[in-house]
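The sequence and the model are shown below.

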Amino acid sequence: MRVWPGQPYPLGATWDGEGVNFAIFSENATGVSLCLFDAHGDTKERERIPIVERSDQIWHCYLPDVRPGQLYGYRVDGPYSPEEGHRFNPNQLLLDPYAKAISGAIKWSDALFAYQIGSDREDLEMNHADSARGMPKCVVVDNAFTWGNDAPPRTPWNRTVIYEAHTKGMTIRHPDIPEEIRGTYLALSSDAVIDHLKSLNVTALELLPVHHFAVDRHLAEKGLTNYWGYNTIGFFAPDVRYAVGGLGSQVVQFKSMVKTLYNAGIEVILDVVYNHTAEGNHLGPTLSLKGIDNKAYYRLEPDNPRFYTDYTGTGNSLNMLHPRTIQMIMDSLRYWVTEMHVDGFRFDLAPVLARELYEVNRLSAFFDIIHQDP
């Protein structure tokens with residue numbers, strides 16, 4: 001496998017027609033390895049590539065022999081010292097925060113926790129089990145799509161009628177939708193759904209969370225699921241559970257849905273959850289940000305950074321005091337507008353994003369950036 005230095009921007013895995021550039025932020029890591037997997041994705045990685053190039057806390061490399069459809073993840077080295085806010089554990093396979101597609105659902109086991117479950121020391125004792133077998137993998141995607149003369153409807157607010165819907169719930173039992181696509185993005189753009197929306201004079205379809213989300217372990221082990229999806233683990237990836245077909249198909253099918261709805265004069269709004277992630281509190285799993293740079297991405301208690309500041313009631317809150325965390329959220333918003341062509345967002349627990357100290361700040365960096373980049 002040839003490895004070239006690559007570039008620190010853009011973050012994520014970027015296919016340029018000749019190869020793939022990989023870039024990931026970690027301020028406090030001492031080492032980062034890119035792991036490549038075969039098409040099955042559940043075996044030990046076929047390549048583990050130490051990333052040696054680092055620019056402004058971005059670790060990056062370029063692989064000229066990698067193509068769209070490649071499965072990948074990261075392992076990040078650094079101190080495992082929860083009492084100092086660091087939870088690095090290279091035994092954990094981690095999702096790229098900028099992954100544009102994720103292969104599937106988590107297969108829960110104790111290996112997905114960076115600490116030794118059952119230990120008297122709780123999260124202070126490091127787990128040495130490899131988590132790769134239970135982790136979904138990131139997918140390199142080709143962003144090419146024929147939008148044609150696609151243009152946003154731009155319906156004035158005084159004429160806007162918003163219909164809130166769940167991708168699966170709205171279509172899974174609809175008798176006029178082909179059974180093989182019910183519950184998917186393609187179903188939302190079917191004639192049956194569009195005719196229904198237009199009969200109600202709906203001008204905008206607001207989708208409950210479609211960012212890739214995790215089903216908590218205690219639910220999965222009971223045969224239950226997080227139906228509504230307010231448990232994000234991939235801010236750039238449309239959830240694969242609402243798609244049919246091969247690796248990365250969720251991206252193309254989401255774009256196809258948007259294009260078809262646009263042609264019918266219907267805008268697309270996303271319900272987004274940027275206030276927390278699916279990694280929970282200090283006893284939660286290590287799936288992505290917690291293992292990449294816990295101290296940078298999450299709000300930690302100032303007097304005891306072992307514990308998370310929980311403004312959300314979910315166990316953690318994203319660290320809006322860190323510029324790279326704000327960048328990730330803004331990059332995600334821009335991606336969904338510029339690449340996926342959505343029209344707007346409904347922010348879950350938006351006040352959490354504006355907490356710079358302890359109270360909501362109307363002059364916070366988050367709102368400032370939103371105003372500067374509408």
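## Overall architecture

The model is predicted. Its secondary structure comprises 9 helices and 18 strands. Along the principal axes, the C-alpha atoms occupy a box of roughly 60 × 50 × 45 Å. The radius of gyration is 20 Å, which agrees with a compact globule, because a chain of 374 residues folded in that way would have a value near 21 Å.

Of the 374 residues, 55% are buried. Contacts between residues at least 6 apart in sequence are in 71% of cases between residues at least 24 apart.

## The largest pocket

H7 provides the largest share, with 5 residues. In terms of class, 12 lining residues are nonpolar, 5 are polar and 6 are charged.

## The second largest pocket

The second largest pocket holds about 340 Å³. It is lined by 17 residues, with Pro10, Leu11, Lys100, Phe236 and Tyr335 lying nearest its centre. At least two lining residues come from strand E1 (12–15), and at least two from H7. Here too H7 makes the largest contribution, namely 4 residues. The lining divides into 9 nonpolar, 3 polar and 5 charged residues.

Proline 10, one of the residues nearest the centre of this pocket, belongs to the segment before E1. The peptide bond that joins tyrosine 9 to proline 10 is cis, with omega near 0°.

## Cavities

The structure contains 3 cavities of 30 Å³ or more. The volume of the largest cavity is about 50 Å³. Its lining is formed by Pro97, Thr232, Ile233, Gly234, Phe235, Thr277, Ser288, Leu289 and Met328. Strand E14 (residues 232–238) gives the most to this lining, with 4 residues. The lining has 5 nonpolar and 4 polar residues, and no charged residues.

## A covered helix

Helix H6 (residues 289–297) is mostly covered, with 8 of its 9 residues buried. The buried set consists of Leu289, Lys290, Gly291, Ile292, Asp293, Asn294, Ala296 and Tyr297. Leu289 is also among the residues that line the largest cavity. The cover over the buried residues of H6 includes strand E2 (20–25), E7, E9, strand E16 (300–301), strand E17 (304–308) and H7.

Tyrosine 74 is located in strand E7 (residues 71–77). This residue counts as buried because its relative accessibility is 0%, the cut-off being under 20%. Beyond residues up to four places away in sequence, tyrosine 74 touches Phe22, Ala23, Ile24, Val32, Ser33, Leu34, Ile51, Gln92, Leu93, Leu94 and Asp96. Tyrosine 74 and threonine 325 are separated by 251 residues in sequence and by 18 Å in space, C-alpha to C-alpha.

Serine 131 lies in the loop between strand E9 (86–87) and strand E10 (138–139). With a relative accessibility of 1%, serine 131 is likewise classed as buried. Apart from neighbours within four places in sequence, its contacts are Asn91, Gln92, Leu93, Ala111 and Leu112. Gln92 and Leu93 are also among the residues that tyrosine 74 touches.

## Positive phi angles in loops

Where does aspartate 56 lie? Aspartate 56 is in the loop between strand E5 (53–55) and strand E6 (58–63). Its phi is near 50°, a positive value in a residue other than glycine. Aspartate 56 counts as exposed because its relative accessibility is 67%, the cut-off being over 50%.

Asparagine 201 is placed in the loop between helix H3 (191–199) and strand E12 (204–207). Although it is not a glycine, asparagine 201 has a positive phi of about 65°. Its relative accessible area of 57% makes asparagine 201 exposed.

How values were computed. Residues numbered from 1 in each chain as written. Predicted model: local features only at pLDDT ≥ 70, side-chain atom pairs only at ≥ 80, totals over all residues. Heavy atoms only, no water. Nonpolar A, V, L, I, M, F, W, Y, C, P; charged D, E, K, R; others polar. 1 Å grid on protein atoms, 1.4 Å probe; cavity = no way out; pocket = protein on both sides within 12 Å on 5 of 7 lines; lining within 4 Å. Points joined across faces, edges and corners; volume = space filled by probe spheres on them. Rg over C-alpha atoms; globule rule 2.2 N^0.38 Å. Buried < 20%, exposed > 50% of the residue type's maximum accessible area, 1.4 Å probe, protein only. Contact = heavy atoms within 4.5 Å.
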